[in-house]
Amino acid sequence: MTQDKDQMRAEFVDWALRCAVAVDFGECGQYKPVSTELLWQAWQAARASAPPVQQSATPVLYVSPEQLAAFQDKDSKFGSYLPLRKTPIGKFTQPLYTSPPSASSADSQGDTES
């Protein structure tokens, strides 16, 4: 079994357990009960037919890590203020993305904390 298949199985098991589905991988290489095996096959088919997720390797904004850590979501209909910048200047070193960066692009970005 390839690592991709192992990772896919791990994600399936995590999803199935969150959905309260009985997960028992039998000795014959299939899930028991049969309904779980059918869910596994459907889950694989859905993943294979899903369009690839576009991930931006370029940050869209920067925030101060300290201010982000201290940020509280207040019970206000007006929201809360958190200063942001389009460029990493001063304490604004924590990049924000439209989606999580892939592992390879995160490695190429390097450590931006000072």
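**Reading the features**

Mentor: Ala20 counts as exposed because its relative accessibility is 71%; the classes are buried for under 20% relative accessible area, exposed for over 50% and partly exposed in between, with a 1.4 Å probe and protein chains only. Before we go further, note that this is a predicted model, in which local features need pLDDT of at least 70 and side-chain atom pairs count only at pLDDT 80 or more, while totals for chains, interfaces and linings use all residues. Residues are numbered from 1 along each chain as its sequence is written, and side-chain values use heavy atoms, with hydrogens and water left out.

Trainee: Where is Ala20 found?

Mentor: Ala20 sits in the loop between helix H1 (3-18) and strand E1 (24-25), and it has a positive phi of about 60° although it is not a glycine. Helices (H or I, at least four residues) and strands (E, at least two) are DSSP runs, numbered from the N terminus. Another loop, between strand E2 (31-32) and helix H2 (34-49), holds Pro33, and the peptide bond from Lys32 to Pro33 is cis, with omega near -5°.

Trainee: How many helices and strands does the protein chain have?

Mentor: The secondary structure comes to four helices and four strands, which follow the order α-β-β-α-β-α-β-α from the N terminus on.

Trainee: How many aromatic pairs does the structure hold?

Mentor: Rings of Phe, Tyr and Trp (its six-membered ring) pair if their centres lie within 6.5 Å, and planes under 30 degrees apart count as stacked, over 60 as edge-to-face and the rest as tilted. The structure holds seven such pairs. In one of them, the ring centres of Phe12 and Trp15 are 5.9 Å apart with their planes at 35°, so this pair is tilted. Both residues belong to helix H1, where they are three residues apart, about one turn of the helix. Phe12 counts as buried, at 0% relative accessibility, whereas Trp15 is partly exposed, with a relative accessible area of 28%. Trp40 and Trp43 form a stacked pair, 6.0 Å centre to centre with 20° between the planes.

Trainee: Which residues are buried in H2?

Mentor: The general idea is that an α-helix has 3.6 residues a turn, so residues three or four places apart point the same way. In H2, the buried residues are Thr36, Glu37, Trp40 and Trp43. Seen down the axis of H2, they fall within an arc of 120°, so they line one face of the helix; the arc is that of the directions from the helix axis to the C-beta atoms. Trp40 has a relative accessible area of 2%, and for Trp43 the value is 14%. On the other side of H2, Val34, Leu38 and Ser49 are exposed.

Trainee: Which side chain of opposite charge is nearest to Arg9?

Mentor: For charge, Lys and Arg count as positive and Asp and Glu as negative, while His and the chain ends are not counted. A salt bridge is a side-chain nitrogen of Lys or Arg within 4 Å of a carboxyl oxygen of Asp or Glu. Arg9, which lies in helix H1, is buried yet has no salt bridge, and the nearest side chain of opposite charge, that of Glu37, is 5.6 Å away.
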